[in-house]
Amino acid sequence: MLIQVCLFFYCKFLWRCLKFVMRKLTGRCELQRICYNTKPGASRTMKIETSLRDSKSKLLQTSVSVHPDAIEKTIDDIMELKKINPDINPQLGISLQACLLQIVGYRNLIADVEKLRRESYDSDNPQHEEMLLKLWKFLKPNTPLESRISKQWCEIGFQGDDPKTDFRGMGLLGLYNLQYFAERDAAAAQQVLSDSLHPKCSKFSKAEWEKKRMDKAIGYSFAIVGINITDLAYNLLVSGALKTHFYNIAPEAPTLSHFQQTFCYLMHEFHKFWIEEDPMDIMEFNRVREKFRKRIIKQLQNPDMALCPHFAASEGLINM
């Protein structure tokens, strides 16, 4: 343990020495070198974020958590601290601003998502009830809901007569995501729901899936899986794994809509993955989900990665 601690401080000392030497040789600070030598997107923003967090300057350390309205002032302070003339280096301020908007935005997005996750579904709240009823309407537009408490909820993948009990794990976040998918890309959501109930009748990649014994394919509970995929998206966000994706697709601050679009993508991809895995029964769900999670994480380890859109709800997801 002592050796590891000593090695850490030794490497840190060497790194600071290297930075000092590079500044003397190039006449540019580390922030300048990153902005001028690294293309826009996750590669640049993540390097800027690391540089700021690891700096011995309190100003640079705290710059990753300032209020969005204070970003311009923070950049001016950084330029002054580093003795960089903004008139001679105009592009640096623009690049730093874009990076800080993404960094601060990601932090704020986590707070927004966490707030929804912590808010419990309340059947006495008219807004909550309205969202739930809209979810039914979007998924089953031609089938009226007979009553608020009904076995019909099982038709869209809830476990019992009252869906509110299924939202305990992810709170309102699960409902927000499911409604977003069902509303913004109704055709795809309805098709995935239909496939989850009757996978042998699936219309997605039918030629390929016919080879996987579709007559014996196992379905799943659409809503419950949606809440489970919400949990996956949440953990990818909080762990920082989604930084690669968001820093590549959001020119400025990533928003809740970006997160919900990512959820739509994950739902769509998990559905295809489930069919491809051809599980023997629903008891294999955890195995399939974990394998899917590892695949997504591996993709996100590529600094150029942006989770690609496959349907209308995600048409705005474009690599910078």
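pLDDT is the predictor's confidence in each residue, from 0 to 100. This structure is a predicted model, and its protein chain averages a pLDDT of 85. Of the residues, 81% score at least 70.

The table lists them with their contacts beyond near neighbours in sequence.

| Stretch | pLDDT | Contacts in the model |
|---|---|---|
| Residues 18-25 | under 50 | 9 contacts beyond four places in sequence |
| Residues 310-320 | below 50 | 38 contacts beyond near neighbours in sequence |

**Helix α14**

Helix α14 covers residues 285-300, which makes 16 residues. From its first C-alpha to its last, α14 reaches 22 Å. That is close to the 22 Å expected at 1.5 Å a residue.

Which residues of α14 are buried? They are Phe285, Val288, Arg289, Phe292, Ile296 and Leu300. These residues cover an arc of only 110° around the axis, so they lie on the same side of α14. The face turned away from the buried side carries Asn286, Lys294 and Lys298, which are exposed.

**Helices α8 and α9**

Helix α8 spans residues 171-184, and helix α9 spans residues 186-197. Their axes come within 5 Å. How do the two axes cross, and at what angle? They cross at roughly 115°, which means that α8 is roughly perpendicular to α9.

Both helices supply residues to the meeting point. From α8 come Phe181, Ala182, Glu183 and Arg184. They meet Ala186, Ala188, Ala189 and Val192 in α9.

Methods: Residues are numbered from 1 along each chain as its sequence is written. This is a predicted model: local features need pLDDT of at least 70, side-chain atom pairs count only at pLDDT 80 or more; totals for chains, interfaces and linings use all residues. Side-chain values use heavy atoms; hydrogens and water are left out. Helices (H or I, at least four residues) and strands (E, at least two) are DSSP runs, numbered from the N terminus. The expected span of a helix is 1.5 Å times one less than its number of residues. Buried means under 20% relative accessible area, exposed over 50%, partly exposed in between (1.4 Å probe, protein chains only). The arc is that of the directions from the helix axis to the C-beta atoms. Contact means heavy atoms within 4.5 Å. Axes are lines fitted to C-alpha atoms, for helices over the stretch in contact, and angles run from 0 to 180 degrees between N-to-C directions. Angles under 35 degrees count as roughly parallel, over 145 as roughly antiparallel, 65 to 115 as roughly perpendicular and the rest as oblique.
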